[in-house]
Amino acid sequence: MKRKIHIVGNWKMNQTLASIKTFFTEFNETCAKYNNCNMWIAPQFIHIPYLQELARTRNLVKVGGQNCSHVNSGAFTGDVSAASLKDMGADFVIIGHSERRAFFQEKDEILNTKTINALNAGLKVIFCVGETLEEREADKTKAIIKGQIDKGLAKIPSNKIKDVIVAYEPVWAIGTGKNATPEQAQEVHKFIRGHINSTLKWNSDELIILYGGSVKPSNIDELLDCQDIDGALVGGASLVAADYDKLCASGNRK
Ligand code: PEP
């Protein structure tokens, strides 16, 4: 029995009030049919209330952040805390996206602190892992992912494990148009589930593991057909209502 499919849009630093309005004018037409699929979107922080207003009219789409601070309050100019995200009605936060790791030098230890803070604030966490092309070519994929999981998901309170989602996002597949093949993705997803079970001692049968990296309407079906792929974290294709709609329709059928 497959776990419930999640289709998560990561809008990154894109969209305007006008384009968000257009998106929901189109998407709201059909999305009510997809009650078998969890539809989540992470806009820029500043757009969260507007998105909620449009998306929550029928309580169909959950809204979250793309990052949060490692602390809950204080003198951290420019940061946004998990507690504030929760306060604004966010449901989840993405932590450890490869762009945060690469451009903002976020290391596993700080990502672990962010994860624990976000969970304690009452958010669900999508924790991202993934290898670079060089690491894959050097046959280090599993070692890299093991390290990211062991450090990033250490010391999670046992009552919060159910709120953790893992996203496998090979760095070489993000925004490149070149997705991992279903076989490549399934192999890593299976490894993640097994490793979390044996090392962190979580019962990972229920763990949602998303695949991310150039997912689009033309390749989502074959990815979602894989036993250990429970949905997708989608950048580019989630910006266009018609494409996001097709992704959710696929998720709803599985
Ligand atoms: C992402 O940024 O998480 C992502 C998967 O992007 P894209 O779908 O554009 O590759």
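## Terms and model

A polar contact is a pair of N or O atoms within 3.5 Å; within protein, one must be able to donate a hydrogen and the other to accept it, and residues adjacent in sequence count only if both atoms are side-chain atoms. This is a predicted model: local features need pLDDT of at least 70, side-chain atom pairs count only at pLDDT 80 or more, and totals for chains, interfaces and linings use all residues. Residues are numbered from 1 along each chain as its sequence is written, and side-chain values use heavy atoms, with hydrogens and water left out.

## Ligand site

A backbone N or O atom of Ser-214 sits 2.8 Å from an oxygen atom of the ligand. The protein covers 95% of the 290 Å² of accessible area that the ligand has on its own (Shrake-Rupley method, 1.4 Å probe).

The ligand has 14 residues around it (a heavy atom within 4 Å). Lys-12, Glu-169, Gly-175, Ser-214 and Gly-235 come nearest. By type, the shell has four nonpolar, eight polar and two charged residues. Here Ala, Val, Leu, Ile, Met, Phe, Trp, Tyr, Cys and Pro count as nonpolar, Asp, Glu, Lys and Arg as charged, and the others, Gly among them, as polar.

## Glu-169

Glu-169 belongs to the loop between strand S6 (164-168) and helix H8 (182-200). Helices (H or I, at least four residues) and strands (E, at least two) are DSSP runs, numbered from the N terminus. Its relative accessible area is 5%, so Glu-169 is buried. Buried means under 20% relative accessible area, exposed over 50%, and partly exposed in between (1.4 Å probe, protein chains only).

Beyond four places in sequence, the contacts of Glu-169 include His-97, Cys-128, Glu-131, Ile-174, Gly-212 and Leu-233 (heavy atoms within 4.5 Å). Ala-102 is 67 residues from Glu-169 along the chain, and their C-alpha atoms are 13 Å apart.

Ser-238 lies in the loop between S8 and H10. Its relative accessibility is 0%, so Ser-238 counts as buried. The Ser-238 side chain reaches two backbone oxygens: that of Gly-235 at 2.7 Å and that of Val-234 at 3.0 Å. Outside four places in sequence, Ser-238 touches Gly-9, Asn-10, Trp-11, Phe-23 and Tyr-244.

Asp-228 lies in the loop between helix H9 (220-224) and strand S8 (231-234). Asp-228 counts as buried because its relative accessibility is 8%. Leaving aside neighbours within four places in sequence, Asp-228 contacts Arg-3, Gln-186, His-189, Lys-190, Arg-193 and Ile-209.

## Helix H1

Helix H1 (residues 17-27) buries Ile-20, Phe-23, Phe-24 and Phe-27. These residues span an arc of only 90 degrees around the axis, so they sit on the same side of H1. The arc is taken from the directions from the helix axis to the C-beta atoms. An α-helix has 3.6 residues a turn, so residues three or four places apart point the same way.

Cover for the buried residues of H1 includes strand S2 (37-42), helix H2 (48-55), strand S3 (61-65) and helix H10 (241-253). Exposed Ala-18 and Thr-25 are on the face turned away from the buried side.

## Lys-62

Lys-62 is in strand S3. Its relative accessible area is 35%, so Lys-62 is partly exposed. Apart from neighbours within four places in sequence, Lys-62 contacts Met-39, Trp-40, Ile-41, Asp-91 and Phe-92.
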